[in-house]
Amino acid sequence: LKVFCQPIRLISPHSSQRDNQLFEVLVRLIDKQGNAIKASRFIQSVSSSRSLMWELDCWVFRKVFSFTNNSCVCYHVNVSGSTISNPRFVNFLRQCLKHSNFLPHQIHLEITEQSSITNLTQINLIKQLGFIVGLDDFGSGYNSLIFLAQIHPHFIKLDGIYSQNLKNQSYRAAAKFVLQIAQELSIGLVAEWVDSEAIEQDLLSLKAEVAPNLRLYGQGYFY
């Protein structure tokens, strides 16, 4: 296993406002030929076992906390619903902080909305420690608004299917709705799958139209 860091960029009409201080930590399995295999190709077999998922999540967090810290840099880390609900997880995070020079607000936990999150008390404890918590792949499941109301996240990540289909009236209308909600709640929004300048410009236009005060970020191969 190996971790890579993909930049998350502020989408702004002013290039001077762009920053490169946010990264998502991605896990890749390296095969015998040295090729990186995306997590989507092996994570399903791991997620079927709570113990394996716990070990994988903890391994990733230990890797992140072992990074040389720059106080201006923050890392997004995916965490499974089963790990979030594990009563050992809060203490695990405490110990990671204790033995590192990171501040909790530098670690942004991404919770997949399709995960079976059964212990909201755990999430509140994690937030009380100072960690940033967000909803990943927002708009891809059936319970988006329910989780948004229950978790009160610091940010949401707009599922990439919307970013790549903003020319489609239905997708654009749904994306407008999500941007407006994020602005109304004063939380950040990260648009996934921003793979070209055209997609970034579409998002920038949408932001200007319906959510001018939203702090909008992009993540994808364009960056």
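This is a predicted model: local features need pLDDT of at least 70, side-chain atom pairs count only at pLDDT 80 or more; totals for chains, interfaces and linings use all residues.
## Basis

Local features need pLDDT of at least 70, side-chain atom pairs count only at pLDDT 80 or more, and totals for chains, interfaces and linings use all residues. Residues are numbered from 1 along each chain as its sequence is written, and side-chain values use heavy atoms, with hydrogens and water left out.

Helices are DSSP runs (H or I, at least four residues), numbered from the N terminus. Axes are lines fitted to C-alpha atoms over the stretch in contact, and angles run from 0 to 180 degrees between N-to-C directions.

## Helix 2 with helix 4

The axes of helix 2 (residues 50–65) and helix 4 come within 10 Å and cross at roughly 20 degrees. The two helices are therefore roughly parallel (angles under 35 degrees). The crossing is right-handed (the near helix is turned clockwise from the far one by less than a right angle).

Helix 2 brings Trp 54, Cys 58, Phe 61, Arg 62 and Phe 65 to the contact, and helix 4 brings Phe 89, Phe 92, Leu 93, Cys 96 and Leu 97 (contact means heavy atoms within 4.5 Å). The classes are 9 nonpolar, no polar and 1 charged. Ala, Val, Leu, Ile, Met, Phe, Trp, Tyr, Cys and Pro count as nonpolar, Asp, Glu, Lys and Arg as charged, and the others, Gly among them, as polar.

## Helix 4 with helix 5

Helix 4 (residues 89–98) packs on helix 5 (residues 120–128) at about 15 degrees, with the axes 10 Å apart. That makes helix 4 roughly parallel to helix 5. Their crossing is right-handed.

Phe 89, Val 90 and Leu 93 of helix 4 touch Gln 122, Leu 125 and Ile 126 of helix 5. This contact has 5 nonpolar, 1 polar and no charged residues.

## Helix 8 with helix 9

Helix 8 (residues 169–185) and helix 9 (residues 197–210) cross at roughly 60 degrees, their axes coming within 10 Å. The crossing is right-handed.

From helix 8 come Arg 172, Ala 175, Lys 176, Leu 179, Gln 180 and Gln 183; they meet Asp 202, Ser 205, Leu 206, Lys 207, Glu 209 and Val 210 in helix 9. This contact divides into 4 nonpolar, 3 polar and 5 charged residues.

## Second largest pocket

The second largest pocket has a volume of about 160 Å³ (the space filled by probe spheres set on grid points joined across faces, edges and corners). On a 1 Å grid over the protein atoms alone, a pocket is an open set of points where a 1.4 Å probe fits, with protein on both sides within 12 Å along at least five of seven lines.

Its lining has 11 residues (an atom within 4 Å of a point). Closest to the centre are Leu 22, His 108, Phe 155, Gly 188 and Tyr 217. The lining splits into 5 nonpolar, 5 polar and 1 charged.

Note on methods. Angles under 35 degrees count as roughly parallel, over 145 as roughly antiparallel, 65 to 115 as roughly perpendicular and the rest as oblique.
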